Amino acid sequence: MASSTEEVNMDLNGKNIVYIGGFGGIGLETCKELVQNGVANLMILHKAWNESAFKELSSVDSRCVCKFTEFDITCGLEKTRLLFKQIVEKLGSIDMLINGAGICTEKDFDNLIAVNFTGTVNATLVAYDLMDKSRDGKGGVVVNISSVAALTPFPVLPIYSATKGGILNFTRALAQLEPKSGITLYSICPGITDTKHWDNVHHFQGRELCFKEKMRGRPCPIQTANQCAKNIVKAIEAHKNGATWMCDVGQLKLVEVKNFWTPPHQRQDPETEQS
Ligand SMILES: NC(=O)c1ccc[n+]([C@@H]2O[C@H](COP(=O)([O-])OP(=O)(O)OC[C@H]3O[C@@H](n4cnc5c(N)ncnc54)[C@H](O)[C@@H]3O)[C@@H](O)[C@H]2O)c1
Ligand SMILES: CCCCCCO
């Protein structure tokens, strides 16, 4: 795995990838793109089996071994750890984890936080322990699907925005350890994408958002899941540690998320006040 100073693209050929939420709207399209790019083993972790999605995926390229395991990302750290141990026993190693599960409604915000934030943190930490070069791992990649709501918080979805903003910061923080861990991490922030994500979405004060209905007829196009997926794979191939990628209206853009505070030990003059 390249160090953080080298700009080396990711070659997906022969890789073992775990995709949590891989039967979702964005997830399934991204998995299809990954299979087309030569991934060797694709393990899809999902809440429920989806026959049609699996058949669609398996028809893309028979050389990729696609597997499914039922998984609820809110199952907790230890059950997640046990499942990943079983996956490594099957695949030999995990080269990449993609955290693609997520919900949007704020009606039950304990569950919203459990899925979008705590679940993603648990899966990342478990994969991190397995990949960490400083603890006999081979290094690896963790891709966390955040949202544009992490870049521009939405007043109608304040808790969703917080979960996605939290994942962005969590990912950027861990990415700084790459020189020691050999683990590359980056965030993907999709814009509004036409999936079931928007079905049955409730405002934090309870009323239904009817978001899709409101978006219909608006001048700005909503991107398709396939447009988003193609750009997610482009971001994966770019392999930029600590990066924040925005996939919106069919475009891929690298976003500079600024730091506004310098830890004392990194300041040129420790006495310098923050300007
Ligand atoms: N669609 C958008 O406009 C949009 C925009 C920005 C970010 N996102 C994010 O992209 C990701 C994919 O969303 P999508 O648009 O494909 O929606 P989607 O609803 O089609 O897919 C989300 C997937 O997450 C899975 N999931 C939900 N709860 C789970 C749980 N407890 N355990 C395991 N899996 C669970 C669902 O089964 C589903 O397949 C999500 O993280 C979402 O927040 C979507
Ligand atoms: C209005 C809410 C749009 C949030 C982007 C999807 O995560």
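User: Which residue in β6 is the bridge partner of Ile145?

Analyst: That's Ile188. Strands here are DSSP runs of E with at least two residues, helices are runs of H or I with at least four, and both are numbered from the N terminus. Keep in mind that this is a predicted model, where local features need pLDDT of at least 70, side-chain atom pairs count only at pLDDT 80 or more, and totals for chains, interfaces and linings use all residues. Residues are numbered from 1 along each chain as its sequence is written, chains are lettered from A and ligands numbered from 1 in the order written, and side-chain values use heavy atoms, with hydrogens and water left out.

User: How many bridges join β5 to β6?

Analyst: Six, and β5 (residues 140-145) and β6 run parallel. Two strands pair if DSSP finds at least two bridges between them.

User: And what about β6 and β7?

Analyst: Those run parallel too, with four bridges joining β6 to β7 (residues 244-248). In β7, Thr244 is the bridge partner of Ser187.

User: Is β6 mostly covered or exposed?

Analyst: Mostly covered: eight of the eight residues in β6 (183-190) are buried, meaning under 20% relative accessible area, with exposed over 50% and partly exposed in between (1.4 Å probe, protein chains only). Ile183, Leu185, Ser187 and Cys189 point one way, while Thr184, Tyr186, Ile188 and Pro190 point the other way.

User: Switching to ligand 1, which residues are closest?

Analyst: Gly25, Ile26, His46, Thr193 and Thr195 are the closest of the 26 residues around ligand 1; a residue is near if one of its heavy atoms lies within 4 Å. Helices α1 (25-36) and α5 (158-175) each supply at least two residues of that shell.

User: What does Thr195 do there?

Analyst: A polar side-chain atom of Thr195 sits 2.6 Å from an oxygen atom of ligand 1. With Ile26, a polar backbone atom is 2.8 Å from a ligand 1 oxygen.

User: How much of ligand 1 gets buried?

Analyst: The protein buries 91% of the 810 Å² that ligand 1 exposes taken alone. Those areas come from the Shrake-Rupley method with a 1.4 Å probe; for residues, only the protein chains shown count as cover.

User: And which residues are around ligand 2?

Analyst: Ser147, Val148, Phe154, Leu157, Tyr160, Trp198 and Phe211. The side chain of Ser147 has an N or O atom 2.6 Å from an oxygen atom of ligand 2, and a polar side-chain atom of Tyr160 also lies 2.6 Å from a ligand 2 oxygen.

Technical notes:
Polar contact = N/O pair within 3.5 Å; in protein donor to acceptor, adjacent residues only side chain to side chain.
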